[in-house]
Amino acid sequence: MKEELLKDASRIIEDPNILINMVSRRAKQLKQGHKPLIESLEKLEPEDIAMREIIEHKIDYQLYEEEEAGN
């Protein structure tokens, strides 16, 4: 994993737990054959591709909020 990409991605997603989950889930998808959402001339590991996708705002997240009790 490239340190520079990790620093840049952590500026966009400040919560390290969310960042780790996003990178690991997206890297798993890439390893299963999903196409990257970015183009790169260099050979990148799936985790680095996932971080580049975050940095370039190609993927995002939404927090799940539970409904109030009784609804």
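User: What is the relative accessible area of Glu56?

Analyst: Glu56 has a relative accessible area of 37% and is therefore partly exposed. Here buried means under 20% relative accessible area, exposed means over 50%, and partly exposed lies in between, with a 1.4 Å probe and protein chains only.

User: And what sort of model is this?

Analyst: The model is predicted, so local features require pLDDT of at least 70 and side-chain atom pairs count only at pLDDT 80 or more, while totals for chains, interfaces and linings use all residues. Residues are numbered from 1 along each chain as its sequence is written, and side-chain values use heavy atoms, with hydrogens and water left out.

User: Back to Glu56. Which side chain does it meet in a salt bridge?

Analyst: The partner of Glu56 is Arg52, at 2.9 Å from N to O. A salt bridge is a side-chain nitrogen of Lys or Arg within 4 Å of a carboxyl oxygen of Asp or Glu. Arg52 has 18% relative accessibility, so this residue counts as buried.

User: How many salt bridges does the structure hold?

Analyst: The structure holds five. One of them joins the side chains of Glu53 and Arg26, at 2.6 Å from N to O. Because Glu53 lies in helix H3 and Arg26 in helix H2, this pair ties together parts that are 27 residues apart in sequence. Glu53 and Arg26 are both buried.

User: Which residue pairs with Lys31?

Analyst: Lys31 meets Glu47 in a salt bridge of 3.3 Å, N to O. This pair also links distant parts of the chain, with Lys31 in helix H2 and Glu47 in helix H3, 16 residues apart. Lys31 counts as exposed because its relative accessibility is 58%, whereas Glu47, at 23%, counts as partly exposed.

User: Why would such side chains pair at all?

Analyst: In general, side chains of opposite charge can pair when their charged atoms come close.

User: How many positive and negative side chains does the chain have?

Analyst: There are 11 positive and 17 negative side chains, and the centres of the two sets lie 9 Å apart. Lys and Arg count as positive and Asp and Glu as negative, without His and the chain ends. The place of each charge is NZ of Lys, CZ of Arg, CG of Asp or CD of Glu.

User: H3 keeps coming up. How many of its residues are buried?

Analyst: Eight of the ten residues of H3 are buried, so this helix is largely enclosed by the rest of the structure. The buried residues of H3 are Pro46, Asp48, Ile49, Ala50, Met51, Arg52, Glu53 and Ile54.

User: What do they pack against?

Analyst: The buried residues of H3 pack against helix H1 (3-12) and H2. Contact means heavy atoms within 4.5 Å. Helices (H or I, at least four residues) and strands (E, at least two) are DSSP runs, numbered from the N terminus.

User: What follows H3?

Analyst: His57 follows H3, and its phi is positive, near 60°. His57 counts as exposed because its relative accessibility is 62%.

User: Over to the other end. Where is Met1, and what does it touch?

Analyst: Met1 is found in the segment before H1. Leaving aside residues up to four places away in sequence, Met1 touches Asp48 and Met51. Its C-alpha atom is separated by 11 Å from that of Arg52, which is 51 residues away along the chain. Met1 itself counts as exposed, at 64% relative accessibility.

User: Is Leu41 buried or exposed?

Analyst: Leu41 has 96% relative accessibility, so it counts as exposed. Leu41 is found in the loop between helix H2 (16-31) and helix H3 (46-55).

User: What is the pattern of the whole chain?

Analyst: Read along the sequence, the pattern is α-α-α, with three helices and zero strands. The radius of gyration of the chain is 14 Å, well over the 11 Å that the globule rule gives for 71 residues, so the chain is more spread out than a compact globule. The radius is taken over C-alpha atoms, and the globule rule is 2.2 Å times the number of residues to the power 0.38. The C-alpha atoms fill a box of roughly 55 × 25 × 15 Å along the principal axes.

User: What share of the residues is buried?

Analyst: Buried residues make up 30% of the 71 residues.
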